[in-house]
Structures are given as C-alpha cells and as structure tokens.
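This briefing covers selected packing features of one protein chain. Please have the sequence and the 3D view at hand.

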Amino acid sequence: MIRFENVTKNYPGNPRPALDDINLEVQRGEFVFLVGASGSGKSSCLQLILKEERPSEGTIFVLGNNLGSISHRKVPFFRRDLGVVFQDFRLLPNKTVFQNVAFSLQVIGKSRGFIQEAVPDVLEMVGLGNKSDRLPNELSGGEQQRVAIARAVVNKPQILLADEPTGNLDPATSAGIMKILERINAGGTTVVMATHEAGIVDKMQRRVIELVDGSIVRDEVRGGYGQTAAIPELTPEILLGAQIDQARRDLAEATRQAEDEANRAREAHERATKDAELAGRPRFGAEDPAPSAPVAPARPELSRTESTDVDVEEHLSLAQDLGLRDDESDGDTTVGPVK
Ligand SMILES: Nc1ncnc2c1ncn2[C@@H]1O[C@H](COP(=O)(O)OP(=O)(O)OP(=O)(O)O)[C@@H](O)[C@H]1O
C-alpha cells in the first residue's frame, strides 16, 4: 500500500538529510505511528506519501503508483484516495461544520445529492450530527478536530495521514480523537499518524516506526513510544538549563559592575560638590544632575501578525493543503477536478 525504497530527502540549505536512505512498507489496513523527536523526519515522510515533496533519491509507491511517474495533472486524482488531518485543524472559519465537510466533496465535483447524504453520515460518525450549523469558533478544539477528520474521510479514502492530530488537545479530548481514528481504521482505512504523544502510543499498542535524525531505528509491530524518541528532546532542555544558569550569572555580574560604577560616579559627584562649597564656588545646578546607572535601551516593537481576509485565496490554499488541488496550477482559481 505504501512502500519507500532507499528514500533520501534533502532540503535546500539543510546540510543533513531530513530522511536518510529509508526503507519501509505499510500494508493495507494497518495503523502505524511515526514517532521521533522534533526534526527527526516524521512530517517529511507524510509529505512524501502525499507527493507534496519529492524524494531526492529512491522510489516511493503509494496505492500501486510509483509517485515519480505521476504527472502534476494527475496528482489531485491520486490524492483523492488520501485523507489528511493536521495539528491545527485548518477549517474555513466563515463556513459551518456542514460546509467545511462538504467543501472537500465540492472540490472534487461530487453531486449535490451525494453531498447531502454523505456529510450528515460522516458528522454522525464523529459525534457532531447535532452541530452541523455551527461555525468553527463555536466549537471546542476537540470538536474542530473532529470536523477536520470528518472532512478527511468523507470521501472514504484508502489512506488517512495524520500529522500530530492531538497536538493541540488535552489528554481526555485526544483519547476521543484516537477512538475515532481507531474506528476509521477498523473500517479498513490505513492510518499513518505522526505523533509526540507517548501516552497515546503506549496505550494503543500498534505498529511503531521510530525515526532518529532521518533514519529508522525501530519498527515494532505492537510497540510503545519508547525511550530514545524522548532523549533528544530532553537533552536540549538540560543544555538550556545550563545556559539559563550561565545567563543568570552573567546578568548578576553585569548588575554588580553597573552598581559599582554608579557608586563611584556618585562618590565623585559628592566629592566635587563638597570641594566647590569649600572653595566658595557655586554648586552644581539642576541642569547638571548626579550621574545615574545606565538605562537599558528600549526593546524593539514586536511586529504584529497581519490578519488576512477570508477569500478565494484561502479556499484555494486549503484545497492545496488537503491535496485536492495541484499547487502548480498558477493563476487557476478553480478548485474543481482536473479533467
Ligand atoms: N521545507 C524545508 N526546508 C528545509 N528544511 C526542512 C524543510 N522541512 C523540514 N526540514 C528539515 O528537515 C528535518 C526534518 O523535518 P520534519 O519536519 O520532517 O521533522 P519532524 O519529525 O516532523 O519534526 P516535528 O515533530 O518538529 O514536526 C528538520 O531538520 C527540518 O529542519
């Protein structure tokens, strides 16, 4: 169903490969966790499966297609058999729950009748049958993710790719999301999920593929999150702790020096005032204040994120994110099926 043969992925400007000579095979109906520290190559794997990125070396087969042989025009068709779920939901904010799910079917040219039947079914399946008229901002994070899952599976894809789908959710809500993904998998959909969540992986006891620096270091049929995936994330924290301690010491030393300097200046000022008084000279005027400790320069203003209007561009880019539109169709503002 998914096969990587000696796949290496290099990104421009990055001397180390994101994926380094990977070989893996995922069978139909499997539930696979991709685990590993940040930067280990999990998202790159998913992007390669979706043909969002091309391998620098090696060959990838998905659903019997050699991805290197699929032309750009055919990519949207290929992606119809793949559903995608992201950590940040990526819902259209001004569309209702129903419209968000219907969107992915409209994009691929499904009939009105099909949409009217399929959308309520899938919303029922994710437990949102009674919320189809709500807008995304009227839903909890877990509910928004359920809408995103409904949108990903409404067309019954053979493969569901999930990139940190529980990353923004609390443990109880995440457990609900995992139940839905399990149900989708039980219905025959192959699920590949990248995650950092040890608790979920340990509880599910499914296949675990662990990446370290772009290499597969573990591929277990029924595995847990493991120890090594966590070590690279802990190490920087330890280093960070040492750096914070050093920064504190540096700051204390700089403060002490500044105070010494201010004291010396104040003493000199007092001495000079006294000398002037003794010599019968005028005192220092108000326009000649006592030196004070240096003032820290003002911090530069942080730039504010610009708000963007919901418009055609947003719909097009969402269609691209969902793999329903070829991202190289410059100037083409339709999101319908490629003929
Ligand atoms: N578009 C890109 N351009 C350059 N380097 C990239 C790009 N995308 C990813 N990388 C690099 O490739 C490596 C793997 O990144 P990837 O996003 O696949 O890791 P990840 O395991 O999914 O990380 P995370 O858990 O933080 O999402 C990292 O070193 C990353 O900086």
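The model is a predicted one. Helix α3 is largely enclosed by the rest of the structure, since 9 of its 11 residues are buried. Helix α5 packs against α3 at an angle of about 30°, and α5 also crosses helix α6 at roughly 15°.

**Residue I49 in helix α1**

- Helix α1 covers residues 42-49, and I49 belongs to this helix.
- I49 has 21 C-beta neighbours inside 10 Å; the threshold for a buried residue is 20 or more, so I49 counts as buried.
- Leaving aside residues up to four places away in sequence, the contacts of I49 are I2, V62, L161 and V192.
- One of these contacts, V62, lies 13 residues from I49 along the chain, with a C-alpha separation of 6.8 Å.

**Helix α3**

- Helix α3 runs over residues 97-107.
- Its buried residues are V97, F98, N100, V101, A102, F103, S104, L105 and V107.
- After α3 comes G109, which has a positive phi near 80°.

**Packing of α3 with α5**

- Helix α5 spans residues 141-153, and its axis is 8 Å from that of α3.
- The angle between the two axes is about 30°; angles under 35 degrees count as roughly parallel, and α3 and α5 are therefore roughly parallel to each other.
- The two helices, α3 and α5, cross with right-handed sense.
- On the α3 side the contact involves V97, N100, V101 and S104, and on the α5 side V147, A150 and R151.
- By class, the residues of this α3 and α5 contact are 4 nonpolar, 2 polar and 1 charged.
- The α3 residues in this contact, V97, N100, V101 and S104, are among the buried residues of α3.

**Packing of α5 with α6**

- Helix α6 covers residues 171-186, and the axes of α5 and α6 come within 9 Å.
- Their crossing angle is roughly 15°, and α5 and α6 are therefore roughly parallel to each other.
- The crossing of α5 and α6 is right-handed.
- From α5, the residues in contact are G141, G142, Q145, R146, I149 and V153; from α6, they are T173, G176, I177, I180 and I184.
- The contact of α5 with α6 consists of 5 nonpolar, 5 polar and 1 charged residues.

Terms used: Residues are numbered from 1 along each chain as its sequence is written. This is a predicted model: local features need pLDDT of at least 70, side-chain atom pairs count only at pLDDT 80 or more; totals for chains, interfaces and linings use all residues. Helices (H or I, at least four residues) and strands (E, at least two) are DSSP runs, numbered from the N terminus. A residue is buried if 20 or more other C-beta atoms lie within 10 Å of its own, exposed if 12 or fewer, and partly exposed in between; C-beta atoms are placed from the backbone. Two residues are in contact if their C-beta atoms, placed from the backbone, lie within 7 Å. Axes are lines fitted to C-alpha atoms, for helices over the stretch in contact, and angles run from 0 to 180 degrees between N-to-C directions. Angles under 35 degrees count as roughly parallel, over 145 as roughly antiparallel, 65 to 115 as roughly perpendicular and the rest as oblique. A crossing is left-handed if the near helix is turned anticlockwise from the far one by less than a right angle, and right-handed if clockwise. Ala, Val, Leu, Ile, Met, Phe, Trp, Tyr, Cys and Pro count as nonpolar, Asp, Glu, Lys and Arg as charged, and the others, Gly among them, as polar.
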